Amino acid sequence: MDKYSDPNIWKTFNPSGEIIVALIIIGILIVLAIIVGILAKCADPLKRPKGLLKVVEWCVEKLDAFTQDIMGPGFENFGGLLLGIIPFLFLSFTIGIVGLPTPMNNLAVPLSLALVTFCLIHYTSMRYTKWRYFKRYVDPFPFFLPINLLSMWAPLLSMTLRMFGNGIVGWVLMSLVNSVLEGLSTSIFGGIIAGGASGVFLVPIITPVLHAYFDLFSGFVQTMVFVFLTVLFIAQERPEEIEMEANMASRKEAVK
């Protein structure tokens, strides 16, 4: 009998709440992308876009200009990748404000995002250097091979642990604050209101300010840090001589 036909096998599939929320965010972004694609196909090219299409077009223009300024020629279409990563990353940091599990508290989510950057770093290097890519591991001398192999994983580890650490620290602090406020509220209003309802009065007064920092502001900062590190790590993999040639070609095109 095929092992996948056994109904008991699906009982072992028990994803965490963080993974489920991350998949929901991905699903929402996919649906939005399909809607935008349909709107773009149906839009009149002679008229200015409106509504959602106008917002997306503005985002694409800003991200293309951003990648062009930071990364230089040769990465003209890189803004499309950032357009998919940025909303997912920001929502993964901030969705906890509505009471849902925060995907960044699960190590698999930041690791997956960092793996995207890690793969693009080495793909870009191989794209421009071809077989010279492997020379980086024996520079300046062959006995540096173990050290170079270890340093290869540094961006992956640093980006993963940075996102995971910030996500888990915010969750721990908010949990402690909620616990303290519930206990304080119970001690104040416990003699007036019986039951667990006495522990909820102080929480809505103080926690919104903390949520605004740990969820919204911190999520925005971490999203920008990840984006900047991604474009910088990938852009630096292009050799200097190729970068100079690309800059010269772009200047000639601008003159024409």
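1. Helix 7 gives the most to the lining of the largest cavity, with four residues. Helices (H or I, at least four residues) are DSSP runs, numbered from the N terminus. This is a predicted model, where local features need pLDDT of at least 70, side-chain atom pairs count only at pLDDT 80 or more, and totals for chains, interfaces and linings use all residues. Residues are numbered from 1 along each chain as its sequence is written, and side-chain values use heavy atoms, with hydrogens and water left out.

2. How is empty space found? Rolling a probe the size of a water molecule over the atoms shows where empty space is left. The work is done on a 1 Å grid over the protein atoms alone. A cavity is a set of points where a 1.4 Å probe fits but cannot get out. A pocket is an open set with protein on both sides within 12 Å along at least five of seven lines. Lining residues have an atom within 4 Å of a point. Grid points are joined across faces, edges and corners, and a volume is the space filled by probe spheres set on the points.

3. Start with the cavity. The structure holds one cavity of 30 Å³ or more. The largest cavity has a volume of about 40 Å³. Its lining is Met159, Arg162, Met163, Gln222, Val225, Phe226 and Leu229. Helix 6 (154–189) and helix 7 (203–235) are the elements that give two or more residues to this lining.

4. Ala, Val, Leu, Ile, Met, Phe, Trp, Tyr, Cys and Pro count as nonpolar, Asp, Glu, Lys and Arg as charged, and the others, Gly among them, as polar. The cavity lining has five nonpolar residues, one polar and one charged.

5. Next, the largest pocket. Its space is about 530 Å³. Of its 16 lining residues, Leu29, Val56, Cys59, Leu83 and Pro87 are the closest to the centre. Helix 1 (17–42), helix 2 (51–71) and helix 3 (79–94) each give two or more residues to the lining. Helix 2 has the largest share, seven residues. By class, the lining has 14 nonpolar, one polar and one charged.

6. Last, the second largest pocket. About 350 Å³ of space lies there. It has 21 lining residues, and the closest to its centre are Gly96, Thr102, Asn105, Trp171 and Asp215. Helix 6 and helix 7 each supply at least two lining residues. Helix 6 gives the most, with eight. How does this lining divide by class? It has eight nonpolar, 11 polar and two charged residues.
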